[in-house]
Amino acid sequence: LSSTAIGLAALPGANLLLLAAAVLLASGVFTLLGLALATWAKSVNGYMLLSVVPAVVLLTPAILTAFGVEHFLFEGFPGTLALRLILDALAGARPAGQVALGFAGLLGWLAVFFALATRAVRREIHPKPDMGGHTDAANP
């Protein structure tokens with residue numbers, strides 16, 4: 001929401017609906033990934049360590065693309081998909097089909113990370129009993 005307000009104030013020619021949709025979808029993708037990673041971490045420091053590798057893998061293609069290093073394999077990464085959609089909103093959209101493919105790609109990542117986060121949270125809420133019949137919650 002704040003990105004849309006900033007876009008409205010600073011960039012009068014921006015497509016604010018496209019900007020809001022791209023930012024919302026991208027934030028959902030990375031939030032769900034963070035939620036899944038958080039279930040494996042035992043502390044905040046553990047979470048920070050766990051999140052480095054996925055962040056590097058998923059965002060490096062977008063950073064390279066922003067600096068002009070482009071490769072067709074980068075186009076499927078969520079960071080690059082979000083970057084392209086945000087640039088479309090700010091500087092003029094590519095053909096509608098490419099914008100739709102960008103949204104479809106982010107929706108695909110959202111579905112994958114939703115499934116991963118759901119499974120990870122379910123595992124934490126309903127832990128499996130150990131050989132003695134105790135769960136981690138019942139046996140601190």
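This tour moves through the structure stop by stop, saying what to select and what is there.

**Before you start**

The model is predicted: local features need pLDDT of at least 70, side-chain atom pairs count only at pLDDT 80 or more, and totals for chains, interfaces and linings use all residues. Residues are numbered from 1 along each chain as its sequence is written, and side-chain values use heavy atoms, with hydrogens and water left out.

**Stop 1: the whole chain**

Show the protein as a cartoon. Along the sequence the pattern reads α-α-α-α-α. Helices (H or I, at least four residues) and strands (E, at least two) are DSSP runs, numbered from the N terminus.

Now colour by accessibility. Of the 140 residues, 27% count as buried. Buried means under 20% relative accessible area, exposed means over 50%, and partly exposed lies in between (1.4 Å probe, protein chains only). Contacts come next, meaning heavy atoms within 4.5 Å. Among contacts with a separation of 6 or more, 53% come from residues 24 or more positions apart.

**Stop 2: helices H2 and H4**

Select H2 (residues 16-40) and H4 (78-91). Two packed helices are described by the angle between their axes and the distance between the axes. Here the axes come within 8 Å and cross at roughly 165 degrees. That makes H2 roughly antiparallel to H4. Axes are lines fitted to C-alpha atoms, for helices over the stretch in contact, and angles run from 0 to 180 degrees between N-to-C directions. Angles under 35 degrees count as roughly parallel, over 145 as roughly antiparallel, 65 to 115 as roughly perpendicular and the rest as oblique.

The crossing of H2 and H4 is left-handed: the near helix is turned anticlockwise from the far one by less than a right angle, while clockwise would be right-handed.

Show the side chains. From H2, the contact includes Leu18, Leu19, Ala22 and Phe30. From H4, it includes Pro78, Gly79, Leu85 and Asp88. The residues of this contact divide into 13 nonpolar, one polar and one charged. In this scheme Ala, Val, Leu, Ile, Met, Phe, Trp, Tyr, Cys and Pro are nonpolar, Asp, Glu, Lys and Arg are charged, and the others, Gly among them, are polar.

**Stop 3: Ala36**

Stay on H2 and pick Ala36. Is Ala36 buried or exposed? Ala36 is buried, with a relative accessible area of 0%. Leaving aside neighbours within four places in sequence, Ala36 is in contact with Leu116, Ala117 and Ala120. Ala36 and Phe113 are 77 residues apart in sequence, and their C-alpha atoms are 7.8 Å apart in space.

**Stop 4: the salt bridges**

A salt bridge is a side-chain nitrogen of Lys or Arg within 4 Å of a carboxyl oxygen of Asp or Glu. The count comes to three.

Select Glu70 and Arg84. Their side chains meet in a salt bridge at 3.4 Å, N to O. Glu70 lies in the loop between helix H3 (44-66) and H4, and Arg84 in H4, so the pair ties together parts that are 14 residues apart in sequence. Glu70 is exposed at 51% relative accessibility, whereas Arg84 is buried at 16%.

Glu75 is partly exposed, at 27%.

Move to Arg123 and Glu124. Their side chains form a salt bridge at 3.7 Å, N to O. Both are partly exposed: Glu124 at 41% and Arg123 at 34%.
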